[in-house]
Amino acid sequence: MSELYDLASAKYAMYGVDTEAAITALKAIPISIHCWQGDDVQGFDTTGALSGGIQATGNYPGRARNFDELCEDIAFACSLMPGVKRLNLHASYAVKPAGDLSDRDEVKPEYFRPWVDFAKKQGLAGIDFNPTLFSHPMVKNGLTLSSPDEEVRAFWIKHCISCLRISEYLADEMGTPCLMNIWIPDGFKDVPADRLGPRLRLKDSLDKILAAGYDKSKVSVAVESKVFGIGIESYTVGSSEFYMNYAAKNGICCLLDNGHYHPTEMVSDKIPSLLAFYDKIALHVTRGVRWDSDHVILFEDEVKEIAKEIVRNDAIGKVMLSIDYFDASINRISAWVTGQRALEEALLYALLLPNRDLRKFQDEARWTELMALQEQYKMLPLGAVWEEYLRREGMPVWYMKAIQEYEAGVLSKRV
């Protein structure tokens with residue numbers, strides 16, 4: 001241990017906080033790493049532009065172009081990320097045998113065997129999964145599970161049922177439950193004539209997917225809402241209100257993406273509301289700038305507030321965490337590492353708070369002391385504890401040198 005850490009530990013102890021306990025707790029919190037940062041959400045089953053309200057901006061050199069390159073990049077990024085890591089996959093990253101022309105409604109568990117082998121080799125703690133209902137010809141008029149076209153709906157229902165089987169397979173292979181998250185791009189650019197009809201069709205589609213059955217001890221199904229997206233500015237079928245009600249009624253999870261709400265809405269405030277009613281909730285942590293822009297996570301106020309709500313409500317075992325953004329304007333490896341570390345930093349910050357005293361001040365209406373202690377805590381030596389955590393994890397504090405060497409030796413050769 002360093003002298004700086006010893007001093008920091010003593011400083012926190014003055015407030016009744018055990019830095020060793022905080023480090024131990026942080027080391028055990030799994031964070032799911034999204035594969036799609038490495039290739040700008042291209043996947044392996046399409047060569048066209050992204051669609052469905054999804055857009056990756058920029059053209060930084062070195063994008064992963066295939067399974068081997070993407071695995072290489074994920075492995076290197078994870079070597080610079082402390083803590084327990086899972087892998088988050090989309091169905092569009094299926095690794096099919098040569099000549100296999102099957103469509104997404106026929107996606108099979110065996111297509112993800114290479115990912116399982118990779119995850120095991122890397123020592124990842126599990127794999128999470130997402131049906132891919134965008135960037136595909138069967139997204140007709142911007143609609144999937146809410147489409148009035150029965151053929152379109154049937155295609156995507158079959159796709160999601162296939163994804164349930166894949167999720168069960170991933171859980172069996174990895175020996176840990178899989179979170180399967182459903183997000184759809186459905187909505188309208190201008191003011192709709194019918195707001196209820198699409199939602200009733202979405203409800204019916206989800207009912208059919210769940211009716212196919214799945215092992216709930218292996219798979220947690222989640223639904224992910226959104227306030228709007230490119231091309232669906234006026235109406236989003238899968239709204240927060242719709243999915244919260246649907247999830248509560250059907251015993252599945254709500255997934256909160258903090259880029260999917262109005263800029264004045266705070267996901268941190270939604271977390272305790274859901275914890276009052278749900279055994280588990282899921283989070284996609286990102287950074288929205290003015291809209292759902294999926295910027296790289298930084299150690300900023302809302303990320304810290306999200307972490308605080310998880311920690312002080314004893315919800316570490318109830319909240320499933322994933323990072324989710326895609327930035328093609330900067331080095332993609334750095335984007336992965338910076339975002340994952342920022343979330344870890346926020347969790348450490350929350351673990352080092354004197355939450356019992358803060359709650360006591362609030363309950364006793366000691367507002368002056370509450371404010372003063374919260375402000376005092378912002379100046380405590382968090383950095384020294386963070387650096388000690390990284391040292392124990394075998395990670396460099398400054399990771400850009402390693403990334404720059406990787407860019408020169410690997411990424412720059414992808415032309």
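Tutor: Let us begin with a term: two residues are in contact when heavy atoms of theirs lie within 4.5 Å. The model is predicted, and local features are therefore described only at a pLDDT of at least 70 and side-chain atom pairs only at 80 or more, whereas totals for chains, interfaces and linings use all residues. Residues are numbered from 1 along each chain as its sequence is written, and side-chain values use heavy atoms, with hydrogens and water left out.

Helices (H or I, at least four residues) and strands (E, at least two) are DSSP runs, numbered from the N terminus. D186 belongs to the loop that runs from strand 4 (178-182) to strand 5 (187-188). Leaving aside residues up to four places away in sequence, D186 is in contact with G142, L143, T144, L145, S146, S147, I232, Y235, T236 and V237.

One of these neighbours is also a polar partner. A polar contact is a pair of N or O atoms within 3.5 Å; within protein, one must be able to donate a hydrogen and the other to accept it, and residues adjacent in sequence count only if both atoms are side-chain atoms. The side chains of D186 and T144 form such a contact, at 2.7 Å.

Charge is the next matter. Lys and Arg count as positive and Asp and Glu as negative, while His and the chain ends are not counted. A salt bridge is a side-chain nitrogen of Lys or Arg within 4 Å of a carboxyl oxygen of Asp or Glu. Buried means under 20% relative accessible area, exposed over 50%, and partly exposed in between (1.4 Å probe, protein chains only). D186 is buried but has no salt bridge; R201, the nearest side chain of opposite charge, is 7.9 Å away.

Elsewhere, salt bridges do occur: the whole structure holds 31 of them. R104 and D45 form one through their side chains, at 2.7 Å from N to O. R104 is in the loop between strand 2 and helix 4, and D45 is in the loop between strand 1 (30-34) and helix 3, so this pair ties together parts that are 59 residues apart in sequence. R104 is buried, at 4% relative accessible area, whereas D45 is partly exposed, at 31%.

A second salt bridge has a local setting. It joins the side chains of D207 and K203, at 3.2 Å from N to O. Both residues lie in helix 6 (residues 196-211), four residues apart, about one turn of the helix. An α-helix has 3.6 residues a turn, so residues three or four places apart point the same way. D207, with a relative accessible area of 27%, is partly exposed, and K203, at 33%, is partly exposed as well.

In helix 3 (residues 67-78), 10 of the 12 residues are buried, so the helix is largely enclosed by the rest of the structure. At the N-terminal end, N66 caps helix 3, with a side-chain oxygen 3.2 Å from the backbone nitrogen of D68.
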